[in-house]
Amino acid sequence: MFLCRACSQEMRLHPVNILFFTLATAELFGLLGVFLAVPAAALVQIVIDEFYLQPRKIDAAALDREAAALVEGRK
């Protein structure tokens, strides 16, 4: 597991992803790529989680107000 110090959250990186990133970055960047593999895997996971998988934040109070307005016939 990788601990993201900036957000103080634990990241659960799958071992296969780490292996893939280690091999891919080693092929592209050599020994430097081996050291950059885990941070690169974490960065990719953060981007995927934030921009693709994370559901929209729903404001329940605003939805309740809008539903009440519709029921009362104000809209």
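Let's start with the rings: a search through the whole of this structure, which is a predicted model, turns up one aromatic pair. Select phenylalanine 20 and phenylalanine 21 to see the two partners. Their ring centres sit 5.6 Å apart and the planes meet at 85 degrees; edge-to-face pairs are those with planes over 60 degrees apart, so this pair is edge-to-face.

Now colour the two by accessibility. Which of them is buried, and which exposed? Phenylalanine 20 has a relative accessible area of 54%, above the 50% cut-off, so this residue is exposed. Phenylalanine 21 has 17%, under the 20% limit, and is therefore buried.

Next, show the cartoon for residues 15–29. This is helix 1, and phenylalanine 21 lies in it. The helix has 15 residues and spans 20 Å from first C-alpha to last, close to the expected 21 Å. Step on to glycine 30, which follows helix 1 and has a positive phi, near 70 degrees.

Go back to phenylalanine 21 and display its surroundings. Beyond its neighbours within four places in sequence, phenylalanine 21 is in contact with Ala26, Ala37, Ala40, Ala41 and Val44.

For the last stop, select Met11, Leu13, Phe21, Ala37, Ala41 and Ala42, the six residues of the largest nonpolar core. Which helix gives this core its largest share? Colour residues 31–53 to find out: helix 2 supplies three residues.

Methods: Residues numbered from 1 in each chain as written. Predicted model: local features only at pLDDT ≥ 70, side-chain atom pairs only at ≥ 80, totals over all residues. Heavy atoms only, no water. Core = buried A, V, L, I, M, F, W, Y, C linked by side-chain atoms within 4.5 Å. Buried < 20%, exposed > 50% of the residue type's maximum accessible area, 1.4 Å probe, protein only. Helix = DSSP H or I, 4+ residues; strand = E, 2+ residues; numbered from the N terminus. Phe/Tyr/Trp six-rings, centres within 6.5 Å; stacked < 30°, edge-to-face > 60°. Expected span 1.5 Å × (residues − 1). Contact = heavy atoms within 4.5 Å.
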